[in-house]
Amino acid sequence: MPDALADDADADNASEHWEVAAVLAGGDSPKAGGFKFFVADQRWVWSEEVARMHGYSGQVEPTTELLLSHKHPDDRARVAEILERVRSGGLFSSRHRIIDTDGKTHWMVVVGDHMTDESGDVVGTQGYYVDVTDTMQADLTSEIKQVVKSRATIEQAKGILMAAYGIDADRAFDILTWRSQLTHVKVKTVAAQFLEAVMREGLSPESVSTIDRLLLPGDPVAS
């Protein structure tokens with residue numbers, strides 16, 4: 001096949017593949033885009049969307065070195081191993097971070113599949129990038145909220161133990177940890193269950209009276 005016809009066929013196939021990726025991402029923003037890698041001449045082809053994900057607004061000639069230069073330092077070694085498989089036409093899927101030309105970090109899901117010629121012979125790899133940064137950030141925000149909530153619960157439980165036994169915060173946490181190991185339940189769950197039990201059982205009338213007295217204005221506790 002003449003080179004011009006081959007390029008047209010490649011463009012048509014790439015266009016179809018990239019449209020599928022765009023549907024996965026939704027919208028007009030560059031949340032998804034396609035790529036192709038030709039084993040024979042070790043040549044990469046990026047869609048406009050993938051180029052924009054990396055921060056390039058115009059034409060760019062992607063290379064393996066350029067790809068690696070955009071990978072997050074903590075992910076670079078792992079991605080380099082994946083690219084070695086790609087360079088021989090191998091399959092792969094990965095979730096990793098890239099850093100665009102403005103220094104912004106993006107989480108990417110990248111999936112590759114065999115690319116074959118008319119004879120069915122594998123000539124490379126094709127696939128798509130999907131930017132999942134927003135999803136990852138939402139998940140991270142949710143996790144942070146859960147951590148804050150769990151920490152508050154643990155601190156409350158520690159406070160009750162400190163008052164009840166006259167111990168410091170570290171010893172109170174040791175008690176919660178001991179209970180966690182004994183019951184094979186997470187510390188945050190132990191703390192929550194303990195608080196629920198205290199609320200359910202309540203304090204003795206003497207304890208409530210003491211608290212009332214300590215909270216009243218003019219109590220000698222402040223003197």
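Reply: Let us begin with the elements: helices (H or I, at least four residues) and strands (E, at least two) are DSSP runs, numbered from the N terminus. Residues are numbered from 1 along each chain as its sequence is written. The model is predicted, so local features need pLDDT of at least 70 and side-chain atom pairs count only at pLDDT 80 or more, totals for chains, interfaces and linings use all residues, and side-chain values use heavy atoms, with hydrogens and water left out.

Me: How many helices and strands are there in the protein chain?

Reply: The protein chain has eight helices and five strands. Read from the N terminus, their order is α-β-β-α-α-α-β-β-β-α-α-α-α.

Me: And where is His-184 found?

Reply: His-184 lies in the loop between helix H6 (169–183) and helix H7 (187–201). Its phi is near 60°, a positive value in a residue other than glycine. Most residues other than glycine have a negative phi.

Me: Is His-184 buried or exposed?

Reply: His-184 is exposed, with a relative accessible area of 74%. Buried means under 20% relative accessible area, exposed means over 50%, and partly exposed is in between (1.4 Å probe, protein chains only).

Me: What about Gln-42, where is its place?

Reply: Gln-42 sits in the loop between strand S1 (32–38) and strand S2 (43–46). Gln-42 also has a positive phi, near 50°. With a relative accessible area of 32%, Gln-42 is partly exposed.

Me: Changing topic: how many salt bridges does a search of the whole structure find?

Reply: The search finds six. A salt bridge is a side-chain nitrogen of Lys or Arg within 4 Å of a carboxyl oxygen of Asp or Glu. Side chains of opposite charge can pair when their charged atoms come close.

Me: Which residue does Lys-158 meet in a salt bridge?

Reply: Lys-158 pairs with Glu-155, at 3.2 Å from N to O. The two are three residues apart in helix H5 (residues 133–165), so about one helical turn separates them. Lys-158 is buried at 10% relative accessibility, whereas Glu-155 is partly exposed at 43%.

Me: Which residue meets Arg-171 in a salt bridge?

Reply: The partner of Arg-171 is Asp-168, at 4.0 Å from N to O. Arg-171 is partly exposed at 41% relative accessibility, and Asp-168 is partly exposed at 39%.

Me: Which residues are linked in a network of salt bridges?

Reply: Asp-75, Arg-78 and Arg-97 are linked in such a network. In the pair formed by Asp-75 and Arg-78, the distance is 3.8 Å from N to O. Asp-75 is buried, with a relative accessible area of 6%, while Arg-78 is partly exposed at 36%.

Me: Where is the place of Asp-75?

Reply: Asp-75 is in the loop between helix H3 (64–70) and helix H4 (76–86). Leaving aside residues up to four places away in sequence, Asp-75 touches His-96 and Arg-97. Here a contact means heavy atoms within 4.5 Å.

Me: One last topic: what volume does the second largest pocket have?

Reply: The volume of the second largest pocket is about 230 Å³. The elements that give two or more residues to its lining are H5, H6 and H7, and H6 gives the most, with five residues. The lining residues include Leu-161, Trp-178 and Phe-194. On a 1 Å grid over the protein atoms alone, a cavity is a set of points where a 1.4 Å probe fits but cannot get out, and a pocket is an open set with protein on both sides within 12 Å along at least five of seven lines; lining residues have an atom within 4 Å of a point. Grid points are joined across faces, edges and corners, and a volume is the space filled by probe spheres set on the points.
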